[in-house]
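Dear colleague,

Please find below the structure that I am handing over to you. My findings follow it, and I would be grateful if you could read them alongside the sequence.

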Amino acid sequence: MPERIYLDYAASTPLDPEVEAYMLPYLRAVGNPSSIHAAGRHLRAAIEDARQTVAECIGADPGQIIFTSGGTEADNHALRGAVETWNIQHILYNPTEHHAVLHTIESLVRNRGVEAHPIAIDPQGRIKLDHLEELLRRYPRSMVAVMYANNEIGTLQPINEVAELVQKYEGYFLCDTVQVMGLGWVSVKNWHVDFLAASAHKFYGPKGVGFLYRRRPVKSLITGGSQEREQRAGTENVAGIVGMAYALKKAYETRSAYQAHLRSIKAHLIHRLQESFPEVIFHGDTTEAGSHPGILNFHLPASLISDMILIQLDIEGICASGTSACSSGSAHPSHVLQAIGVSPEEATRSLRFSWGHGIDKSHIDQAVEAIKKYIVSPSL
Ligand code: PLP
């Protein structure tokens with residue numbers, strides 16, 4: 001059995017062995033960070049160091065960072081907290097957001113009487129700024145949810161322009177930065193964003209830990225003890241938090257080389273797909289300037305491949321994805337692909353490849369060869 005080739009980094013990146021080694025003593029450490037004895041204080045200090053590191057990476061104050069169980073909780077905290085705290089009546093949202101955002105908005109509509117308004121998007125999945133402005137004119141002081149990069153198709157959003165519009169109409173801006181945090185792009189220094197959501201397992205940190213940046217505090221989502229300055233109750237995931245901070249610092253320190261690596265893989269993959277399957281259709285923006293350098297989504301016509309292609313690739317040892325990992329257990333075709341006009345039938349044949357450290361061009365070549373194996377012969 002050949003070695004498996006993992007091309008699903010947008011779902012989760014492998015844990016960096018350096019991060020793992022750094023976490024280990026904290027996994028084993030005895031004590032509760034809220035205890036006042038030495039064992040507790042040692043863990044508390046480690047958490048505060050991690051907060052400082054995360055804040056420095058993104059240009060924030062440490063007090064603006066709270067640690068969460070991941071991106072989903074950070075998105076929930078921002079949306080639910082903002083609605084509760086500022087009595088927000090309207091949410092304007094990009095329809096290709098992750099379900100962590102979309103399902104939370106649906107819940108706020110059902111249970112809190114909030115009105116939600118989708119922002120129009122173009123065929124690449126990018127929001128139309130003139131429509132956002134029209135909505136903001138009609139509903140000033142709204143909450144606006146627009147992600148930085150889409151997790152399925154990689155399209156980047158015009159986040160600076162969104163921030164300016166939201167400020168002009170005195171709204172609140174949640175930017176889900178889960179897919180881009182590891183690229184070292186995010187800084188709140190010159191960008192007026194109210195909330196950022198991030199998740200460690202997307203930048204070679206552990207699963208089950210993330211953070212929320214919030215310009216100003218909002219009501220806590222989880223009540224209980226007074227951890228995280230009474231913003232997020234519950235004994236902290238100390239090893240996860242310190243591992244995440246280590247991973248983020250490393251990502252920021254190595255960002256130029258990492259981005260260049262991702263870009264060269266993407267260019268190679270696009271080239272190999274076009275050369276091998278001239279009929280290939282890419283989804284979303286695939287340009288260097290307009291897309292995530294580590295994500296590519298595409299489909300091939302039904303005359304060439306079957307809708308079993310993901311399973312066929314799995315048999316060949318290629319781990320890819322058809323939609324976001326969080327939805328792949330569901331029978332529904334991707335809401336992102338449908339929102340950009342891909343038919344449900346084409347969506348079932350769509351593949352998302354995503355890559356990172358440890359993936360080189362030879363892995364891409366093997367993945368393309370694996371697809372070729374399952375091309376339906378025209379003579380059949
Ligand atoms: N937001 C985006 C854009 C994501 O891609 C994901 C995970 O895939 C999440 C939120 C959820 O993050 P987590 O898995 O840490 O809950």
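Which atom of the ligand lies 2.6 Å from a polar side-chain atom of D176? It is a nitrogen atom of the ligand that stands at this distance from the D176 side chain. Please bear in mind throughout that the model is predicted.

In T72, a side-chain N or O atom is 2.6 Å from an oxygen atom of the ligand. For K202, the distance between a polar side-chain atom and an oxygen atom of the ligand is 2.5 Å. The ligand on its own would expose 390 Å², and the protein buries 90% of that area.

The surroundings of the ligand comprise 13 residues, and G71 and S199 belong to the closest of them, together with T72, D176 and K202. Helix 3, which spans residues 71-86, contributes three residues to the shell, the largest share.

I turn now to the domain arrangement. The protein falls into two domains: domain 1 is made up of residues 5-14 and 255-373, while domain 2 covers residues 17-253. Their C-alpha centres are separated by 26 Å.

Where the two domains meet, 34 residues of domain 1 contact 35 residues of domain 2. Together they bury about 2,700 Å², and carbon and sulfur atoms account for 50% of this area. On the side of domain 1, R255, H292 and H335 provide 22% of the area buried against domain 2, which exceeds the contribution of any other three residues.

With kind regards

Terms used
Residues numbered from 1 in each chain as written. Predicted model: local features only at pLDDT ≥ 70, side-chain atom pairs only at ≥ 80, totals over all residues. Heavy atoms only, no water. Near = heavy atom within 4 Å. Polar contact = N/O pair within 3.5 Å; in protein donor to acceptor, adjacent residues only side chain to side chain. Areas by Shrake-Rupley, 256 points an atom, 1.4 Å probe, with all protein chains shown as cover. Helix = DSSP H or I, 4+ residues; strand = E, 2+ residues; numbered from the N terminus. Domains from an automatic or database assignment. Contact = heavy atoms within 4.5 Å. Buried area = accessible area lost by both parts, 1.4 Å probe.
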